[in-house]
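Hello,

Please have a look at it first, and then read on.

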Amino acid sequence: MTRYLPPIVLVLLALAPLWLKDPYLLNALITGGIFTIGAISLNLLLGYTGQLSLGHIAFFGIGAYASALTTLGFDVGLFGDIRIVHAGWHPFAGLLVAILVSGACGYVVGRLSFRVRGAYFVIVTICFAEVVRLVALNWIELTQGPLALTSIPQMKIGFPGLGEMTLRTKAQNYYLMLAVATLAYVVVARLVGSRFGRAMRGLKENEQLAMSVGVNATRTLTVAAAISAAIAGAAGSLYAHYFRIIDPDVFLFAYTVTMVIMVVSGGKGALAGPVIGGLIFGTLPVALRPYMAPEAQWIVYGAVLIAILFVMPRGIAPYLDDWFAGRAAARSSAPVAKPQLEGQS
Amino acid sequence: MDQFLQHLVNAMVLGGAYALLGIGLTLIFGIMNVVNFTHGALYTFGAYAMFIASTALGLNFFVALPFAIVAGLALGAAIELTLLRPLRGADIDTTMLVMIGAGIILQSGTLWAFGGVAKAIPSPFPDAPLTLGSVSISWLRLFVLVAAATLIAVAYALINGSRLGRAMRATFQDSDAAALMGVNVRFIYTATFALGSSLSAAAGALLGPVYVVFPQMGDLAAVKAFAIVILGGLGSISGATLGGFILALAEEFGAGYVSSGYRDAMGFLIIIAVLLAKPTGLFARAERVG
């Protein structure tokens, strides 16, 4: 049953724009979906290697800025004399650059910060995000600082033989988001099922034991961080080209918290976890909006996070898994149990 | 040289408040093994308690300060009793995330109750600064420095001199052995969290009148507290005190001589540099994870 669930969910999600005509709801789904992609990438680190990165929004934001700047072009001076001038490229190239740049940043940060673990790692990642935010705020020549990068072109996608399409409508952007999310899901699923995935989980369970059987801890964690950052960068690129404006506020800690809530509530270390969490917390603001102010919504967010951790510390997905497993066991054990009873009587 | 002395004086004022923040956080981490993400919210809470006490309640400035500190103590105790006590024994990630949730609730609650507009706490001190030679310091800042130094001294006396402090240190070294010796470990956890919270609230109440009070002021304070604690080594109280002053010096001189836009980045760059060079912190104890 659970095997067929992901394709069924995908088909249901793909049908959403056909009956959902309200642009506000569609916008909420796209935004929620973009952050769900971020959550899927965070899950690779948090769920499978057990390292909590609370600076994950840095890679998302770097992807957004990289993509926007690649597309818009820039002209900055370095050390006085040297000028780097870049004319704008195609938005799709922006997406690819975002993936590469974020992935490279993830590699470097992982390389440096995986010298420490646990609480230290958490704090290093927070610091990294904060430094990146301050750079985005202060390097005005490149990023426009608080004035924001505006008029970022919409994403364009070329189809072989069909020419090029500019994604103007919400439905088009929704399908782009869904395609990238599906791709991210598949990449993480393949990775987790591979030898590399076993190495990651081995490190999470018992680092010393994993290393003793030949797992290269630093390399495995660094590669996981790079892939995770690259996916987050892709999500950032989608964000930039969908909203068409980005400012240093994309690096806010609150966005990292949103992704962490999605992963933890859905179930860290479960492929479906960030998707379930993303669907709940992507649609929760829409559901709460008529009833309360945005600040009050955040209070509900915090309360839901605490409630989930108290009631289901492992998240929703593992509980659903257990439930399905329990039903399957009940079905298969019922015919076996009967003859035993008859034999006894 | 004059400018140098001025920066030094400013850094001392800031450093006192930072040290309070750092001591509170490192105490909670060292004794309870909890990464306290409500620390920033408690800093904000202390500043708003000071604001309410000195405006709505009409208390004297010097009465409002202890009021804010006691309010922080009470809120810390409440958080420990409702959220952390049931989770004793849960892994560090779970408590960390619960603390993040509590921090979100506190911060959004403040925003909801007071709005996003920055508030100023009225100061009873004369506007004209005290000038000594080429260095000038406002009376308010001087008071902040003295009050912070006093509170640091009280915290040290409490931890090193009192019966409660001895029980805390015993719990820190080995909670099981402490429990066997008759220490009420559950009470020690509550007392530790309440004490750490009150120190953070005190820092907020002291820096609130110097700057302005707004709901997100705790975000940066929390990250700086982490920086200070890492600098000093997690769980080291003297390390956190020194770390607070080092961070303040780095910020003040970084802003003065390098770039004021990157003032707040100094702390983070220091953390990253320290962790690369000496991951256990500058004043490390032997024990460390990983």
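In chain A, 77% of the contacts between residues at least 6 apart in sequence join residues at least 24 apart; a contact here means C-beta atoms, placed from the backbone, within 7 Å. This is a predicted model, in which local features need pLDDT of at least 70 and side-chain atom pairs count only at pLDDT 80 or more, while totals for chains, interfaces and linings use all residues. Residues are numbered from 1 along each chain as its sequence is written, and chains are lettered from A and ligands numbered from 1 in the order in which they are written.

Of the 345 residues of chain A, 46% are buried, that is, with 20 or more other C-beta atoms within 10 Å of their own. The C-alpha trace of chain A spans about 95 × 55 × 50 Å along its principal axes.

Now to where the chains meet: 33 residues of chain A contact 35 residues of chain B. On the chain A side, they divide into 26 nonpolar, three polar and four charged (nonpolar: Ala, Val, Leu, Ile, Met, Phe, Trp, Tyr, Cys and Pro; charged: Asp, Glu, Lys and Arg; polar: the others, Gly among them).

One residue to look up is B:Ala227. Leaving out residues up to four places away in sequence, B:Ala227 touches A:Cys127 as well as B:Leu247, B:Gly267, B:Phe268, B:Ile270 and B:Ile271. Among the buried residues of H11(B) are B:Gly267, B:Phe268, B:Ile270 and B:Ile271, where a helix is a DSSP run (H or I) of at least four residues, numbered from the N terminus.

Best wishes

Terms used
Contact = placed C-beta atoms within 7 Å. Buried ≥ 20, exposed ≤ 12 C-beta atoms within 10 Å, placed from the backbone. Helix = DSSP H or I, 4+ residues; strand = E, 2+ residues; numbered from the N terminus.
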